[in-house]
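I opened a notebook page for this chain. The entries follow the order in which I looked things up.

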Amino acid sequence: MNRLNVSRQAQILRCLCEGNSMRATARLVDCSFNTVAKLLIEAGRACTKFQDKALRNLRCKRLQIDEVWGFVGAKDLNCSAEKKATGWGSAWVWTALCADSKLLATWFIGPRVRQSASHLLYDLRARLARDHSVQITTDVFGMHLKPVPSAFHA
C-alpha cells in the first residue's frame, strides 16, 4: 500500500481544518478522495485516543450539557430503510462544554434517548477530578434529569 509522507498528510489535514471539503482537498493536494477519507478517519481515531487519555481529572466548575441534531447522508424523511440500517439519517451529538474555558470535556454521538444521556453523564463523571463538585446546566430537555443523580451521587 502506498503511504503519504508526513508533509502531504499535514497538507491534507490543514486543508480540512481550513474548511475545505474532502473533494476540494483531494483536488488541491492532488490525491484521491479515498486517501483523504482514510486519513481523516485515522486522524479522528488518533484524536479520540488522545482526548480519552488527556481529558482526565478535569476541574471544570460549570458545565453546559446539550445535544445537537444533524444528519448523515440524508434526513430521515428522505432516507430508505436500507440506508438507515447502514447509519444514514438523524444523528445527535451529545456534548458537555466547560462554560469558563470552552473545553469540550466529553462528547458522544448517539440517538436522542435516555441511554445516550446516561452514557454522556457517566463518561463525564469519569473525567472530572474525584474531589471536585460541578454545576451542570442544560436546557429543559428531560432526558438529562434522571441520569444526573445516579451518575454523580453513586
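I took helices (H or I, at least four residues) and strands (E, at least two) as DSSP runs, numbered from the N terminus. The model is predicted, so I noted the limits: local features need pLDDT of at least 70, side-chain atom pairs count only at pLDDT 80 or more, and totals for chains, interfaces and linings use all residues. Residues are numbered from 1 along each chain as its sequence is written, and side-chain values use heavy atoms, with hydrogens and water left out.

**Entry: strand 3**

I looked up Trp-107 and found it in strand 3. Trp-107 is partly exposed, because its relative accessible area is 35%. My cut-offs are under 20% relative accessible area for buried, over 50% for exposed, and partly exposed in between (1.4 Å probe, protein chains only).

Thr-106 is also in strand 3. Thr-106 counts as buried, because its relative accessibility is 4%. I listed its contacts (heavy atoms within 4.5 Å). Leaving out residues up to four places away in sequence, Thr-106 touches Trp-94, Thr-95, Ala-96, Leu-120, Asp-123, Leu-124 and Arg-127.

**Entry: surface patch**

Which residues form the nonpolar patch on the surface? I found Val-68, Val-93, Leu-104, Trp-107 and Ile-109, with about 400 Å² of accessible area together. Strand 3 (residues 104-110) gives the largest share, 3 residues. Patch residues have over 30% relative accessible area and no salt bridge; like charges are joined within 9 Å, nonpolar side chains (Val, Leu, Ile, Met, Phe, Trp, Tyr) within 5 Å. A salt bridge puts a side-chain nitrogen of Lys or Arg within 4 Å of a carboxyl oxygen of Asp or Glu. Areas come from the Shrake-Rupley method with a 1.4 Å probe; for residues, only the protein chains shown count as cover.

**Entry: cores**

I next searched for nonpolar cores (sets of buried Ala, Val, Leu, Ile, Met, Phe, Trp, Tyr and Cys residues joined through side-chain atoms within 4.5 Å). The largest has 19 residues. Leu-58, Leu-63, Ile-65, Trp-94, Leu-124, Leu-128 and Phe-152 have the most contacts inside it. Strand 1 (62-72), strand 2 (89-98), strand 3, helix 5 (114-127) and helix 6 (147-152) each give this core two or more residues. A second, separate core has 8 residues, among them Cys-15, Leu-16, Val-36 and Leu-39.

I then checked Leu-58. Beyond four places in sequence, Leu-58 touches Leu-103, Ala-105, Arg-127, Leu-128, Ala-129 and His-132.

**Entry: helix 2**

What do the buried residues of helix 2 pack against? They pack against helix 1 (6-17) and helix 3 (33-54). The residues concerned are Ala-24, Thr-25, Ala-26 and Val-29, in a helix that covers residues 22-29.

**Entry: positive phi**

Asn-57 is not a glycine, yet its phi is positive, about 55 degrees. Asn-57 sits in the loop between helix 3 and strand 1. Asn-57 is exposed, with a relative accessible area of 57%. Lys-102 has a positive phi near 65 degrees, and lies in the loop between strand 2 and strand 3. Lys-102 counts as exposed at 53% relative accessibility.

**Entry: aromatic pair**

I found 1 aromatic pair in the structure. Why is the pair of Trp-69 and Phe-71 tilted? Its ring centres are 5.9 Å apart and its planes stand at 40 degrees, so the pair is tilted. Rings of Phe, Tyr and Trp (its six-membered ring) pair if their centres lie within 6.5 Å; planes under 30 degrees apart count as stacked, over 60 as edge-to-face, the rest as tilted. Trp-69 is partly exposed at 39% relative accessible area. Phe-71 is partly exposed at 42%.
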